[in-house]
Amino acid sequence: MADLDGLPPVDPTTGEPIINPLKEDGTAKTPKEIEKEKKKAEKLLKFAAKQAKKKAAAATANPQKKAKKPKKEAEPIPEFVDKTVPGEKKVLVSLDDPSLKSYNPANVESSWYDWWVKSGFFEPEFTEDGEIKPEGLFCIPCPPPNVTGALHIGHALTISIQDSLIRYNRMKGKTVLFLPGFDHAGIATQSVVEKQMWAKEKKTRHDYGRTEFVNKVWEWKDEYHNRIKNQIKNLGASYDWTREAFTLDPKLTNAVVEAFVRLHDDGTIYRASRLVNWSVKLNTAISNLEVENKDVKGRTLLSVPNYDEKVEFGVLTSFAYPVADSETGEKLIIATTRPETLFGDTAIAVHPDDPRYTHLHGKFVQHPFLPRKLPIVLDKEAVDMEFGTGAVKITPAHDQNDYQTGKRHNLEFINILTDNGLLNENCGPEWEGMRRFDARKAVIEKLKEMGLYIGQEDNEMTIPTCSRSGDIIEPLLKPQWWVAQGDMAKEAIKVVKNGEVTITPKSSEAEYFHWLENIQDWCISRQLWWGHRCPVYFIKIEGREDDRNDGTFWVAGRNLAEAEEKAKAKYPNEKFTLEQDEDVLDTWFSSGLWPFSTLGWPEKTADLEHFYPFSMLETGWDILFFWVSRMILLGLKLTGSVPFKEVFCHSLVRDAQGRKMSKSLGNVVDPLDVISGIKLEDLHAKLLLGNLDPREVEKAKLGQKESYPNGIPQCGTDAMRFALCAYTTGGRDINLDILRVEGYRKFCNKIYQATKFALMRLGDDYQPPAEKHLSGKESLVEKWILHKLTTTSKVVNEALEKRDFLNSTSAIYEFWYLVCDVYIENSKYLIQEGSPEEQKSAKDTLYTLIEDALKLIHPFMPFISEELWQRLPKRATETSNTIVKASYPVYEQEFDNESAANAYELVLDVTKEARSLLAEYNILKNGKVYVESNHDESFETTTSQKDSIVSMIKAIDEVTVVRKSSEIPEGCVLKAVNPDVNVHLLVKGHIDIEAEIAKVQKKLEKANKSKQNIEQTIGRKDYESKANDQAKEANKVKLENSVAEIEGLEATIENLNRLKL
């Protein structure tokens, strides 16, 4: 017997296992070893016998057990071939075609966008005389994405929200403009191109020269511009592409020059030498937005561009400054996180009230490396007596706080670094040319040699880094162009306080006020070549060497000729040449002009007259300061008007675990991957296309595996847009779960299948009434669903006007489910078995529901709504040939019938309780249901709707409605629907009561055991101290559920026992 192979041999006489007394090496086994082996052999034999017995029993019970039939494989769905000529109206293939059997977003979403654009549906409509339509105006400027960037899920959220409002208002009949455009993104674009040039050609921009390098960037821009534009089209954004703008277009460049010249001429733009955020790697100043702060708890090694070894941060180094002319050799101990900056120290500050240093007031310390004495200054603001030694080194040219201290005490400002991060001539010949972080180590070694080094300790600190290059930001003193924002900020505060501009949510409004009330002047100079070159010229007077930091010797001009006229007016008797500033303007400067530069300002254009100020500005709250506030500041200053009337700040998208989206975490979501779907290995492959360090790639792969273990399923644009809008609750963050987006793809399938079914039910020859009105022949279910339609329309319109995306999407979602799961199911018997009058009425109502439900969802799901609306027969009064321009459903008093709605809700409640009883007692057919009610209205409703109730419950053939419980036969169980209505189910004779009791008893035992286990856990001595709040709450809920389950099961047993009597 094959099953007994490998078992020990057995003595046929005794049945005992035979044990070999010798080991493998021929030596004898001990009695203990033999006994142990015998027991093991007995166990094996016993187990084999048991298995053999089981097999024999199974063979006897089912001697001719049939082999399982292999599952029938689903036939593959043929691929859909779209034969539409690009730009032409989509060729609609019959829904009976096998390729359209099930919903596939790629099939549904093809071809529509090009037709919409070519047909001009996205361009604003005016009256015949070129004015705004009487229905009103709604216009939004899109926040311009970086032209060389790739779309991320934040862009998808922005477009989904904005486009839903645009499409909604367009369907309301208004003049609508959704203005598209792109930002030249100075630093981002230049750094990407420079990286690529170095990787491919080992060349820098200086190898090419300014003109040729800028030409190369333009080539790069053209390639990437088309890529991101196509990505945006995939998202269904209904932009008016005829008005597309780019911040470096001649029209917008003209606006930038105009703005700069005006602001320079009135003194708002001025020249000053101040501290900037300097990126050594990029060789330019960067804005606060491009600074990424890294927190370290203590000693930490970080990678710095162009350094082979990691650099140490999070350390506080203490050293001593010798007190000058001290007879006792006194030293003053200070601590710093940046020892290399001691070359720029120009004072030591102590608190005026610190008794330890009273004797040093007015004295000096000697610089350890340079022939320079530093004054000891008294400063209450710069020094905390309780922190460290109470003495602080002051480096005004390399630290923001020290800069202010330097101003207060009129200290010398000594710059110690070149633009490339090397120590300069101010550090002395021994140190000049050394890299800043090499100098850090060397300074410490030198201090040790001199006996001035005290020690080091870990120090929690924040390190500013460049988000573009990963470089450590260096505060550097630079002559730059600045915008004075104080007076403009007062006006910007005023327009929000008086309601000219509203900011939603309120938390963003509070942040807006806080920022403007504490505003500082804005540095707009950038040491780049890609961007708007500053339209300002230095007047180089013959025979003189004037200070280039002095704004007196600069003039701004719209062109060279104008600048020369201004220079002549300033210096009429001097010979001079003009030299244009090499710097370009901060990208945010041109972005700040976006709402009016895109409409043709400073020219007085028709677009400026029609669309300025814009209706609203929608964007993420994270750029409220950098962009939104500046648009308001510059709009008020340059146009005398607010740039938009409303600001809506949406949430930031995080991953399902609530983490910030980051390439290194591997959780960044490309919206096109959500639309089309992507395998996990393909997600991994995409990581190699970026600039991630190889070590970060591996970390990112693990992140991708955690977030998307099965890759990202194909969801389609419609599902993604709907999900992102449904997520928009007004909170600060969205934790995006891809499974939820996939859930809305299933919702799309429901819409698709319901419309297919409706078209089949209506029939090919169906023609809807010309107008959407009641005929007076509607059944109760029709009155109910039309009431739901009109109230849903009201809720959705009100919600969208309030920018309440959660309630608008929820209402539409719920309504579609009522149409699919209730009306379509409950009207089957009317359409199939009703009188001709009933059939027509039910069909007309079905048409109205599908038509309006598609219109309701169109702003959120533009593609599926157009695809299915185009397949509907049209009313004679329908004038639009696209759902894009069809009228949006609104509240209609005619359909508002609350009494009919309440009556049908009773029918649904009766149906629900009857189904519940049938399921509880496992009655699948021939069920007997009785409805008992002595309430006249309820009795009449249920009596008239018996057919409707039967049509919704598969397990019954009829329903009996009675007034008194005495009319109910014996052997029934009961469920209360409401205080006036009960549902009874006859179970006697339909079920084996004993078997049912036994089944429920088993469930009860299991529930009791579960309850005991939870009580045991909660009852432990250390439970209160060791269990966290989350675990306690979970156990509390589990216990409550167990108790409720036990009570329900006990009641069921009691009912069943009663039936035995």
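Student: Which residues of α21 are buried?

Tutor: In this predicted model, the buried residues of α21 are Thr717, Asp718, Ala719, Met720, Arg721, Phe722, Ala723, Leu724, Cys725, Ala726 and Tyr727. Buried here means under 20% relative accessible area. Because 11 of the 11 residues of α21 are buried, the helix is largely enclosed by the rest of the structure.

Student: How should I read the packing of two helices, and at what angle do α21 and α27 pack?

Tutor: Two packed helices are described by the angle between their axes and the distance between the axes. For α21 (residues 717-727) and α27 (residues 862-869), the angle is about 125° and the axes are 7 Å apart. That makes α21 oblique to α27.

Student: Which residues of α21 and α27 meet?

Tutor: From α21 they are Thr717, Asp718 and Arg721, and from α27 they are Pro862, Phe863 and Ile864. Sorted by class, the residues of this contact are three nonpolar, one polar and two charged.

Student: Is α27 itself buried or exposed?

Tutor: Pro862, Phe863, Ile864, Ser865, Glu866, Glu867, Leu868 and Trp869 of α27 are buried. With eight of the eight residues of α27 buried, this helix is largely enclosed by the rest of the structure.

Student: Turning to loops, where does Ser287 lie, and is Ser287 buried or exposed?

Tutor: Ser287 is in the loop between β6 (284-286) and β7 (291-296). Its relative accessibility is 6%, so Ser287 counts as buried. Leaving aside neighbours within four places in sequence, Ser287 contacts Asn277, Arg526, Asp586 and Trp588.

Student: How do I read a pocket, and what volume has the second largest pocket?

Tutor: Take the volume, then the lining. The second largest pocket has a volume of about 1200 Å³. It is lined by 43 residues, of which Thr336, Thr337, Arg338, Asp399 and Asn401 are the closest to its centre.

Student: Which elements supply at least two residues of that lining?

Tutor: The strands are β10 (315-322), β11 (331-336), β15 (391-394), β17 (461-466) and β18 (474-483). The helices are α9 (400-409) and α10 (436-449). By class, the lining of the second largest pocket holds 18 nonpolar, 16 polar and nine charged residues.

Student: Now the backbone. Where does Asn410 lie, relative to α9 and α10?

Tutor: Asn410 is in the loop between α9 and α10. Asn410 is not a glycine, yet its phi is positive, about 55°. At 71% relative accessibility Asn410 is over the 50% cut-off, so Asn410 counts as exposed.

Student: What is phi of Ser111?

Tutor: Ser111 has phi near 75°, a positive value in a residue other than glycine. Ser111 sits in the loop between α2 (105-108) and α3 (112-118).

Student: What is omega for the cis peptide bond that joins Thr504 and Pro505?

Tutor: For the cis bond between Thr504 and Pro505, omega is about 0°. Pro505 is in the loop between β19 (502-504) and α12 (506-517).

Student: And what is omega for the peptide bond from Tyr612 to Pro613?

Tutor: The bond from Tyr612 to Pro613 is cis, with omega near 0°. The place of Pro613 is the loop between α16 (606-611) and β26 (617-620).

Key:
Residues numbered from 1 in each chain as written. Predicted model: local features only at pLDDT ≥ 70, side-chain atom pairs only at ≥ 80, totals over all residues. Heavy atoms only, no water. Axes fitted to C-alpha atoms, helices over the stretch in contact; angles between N-to-C directions. Helix = DSSP H or I, 4+ residues; strand = E, 2+ residues; numbered from the N terminus. Parallel < 35°, antiparallel > 145°, perpendicular 65-115°, else oblique. Contact = heavy atoms within 4.5 Å. Nonpolar A, V, L, I, M, F, W, Y, C, P; charged D, E, K, R; others polar. Buried < 20%, exposed > 50% of the residue type's maximum accessible area, 1.4 Å probe, protein only. 1 Å grid on protein atoms, 1.4 Å probe; cavity = no way out; pocket = protein on both sides within 12 Å on 5 of 7 lines; lining within 4 Å. Points joined across faces, edges and corners; volume = space filled by probe spheres on them.
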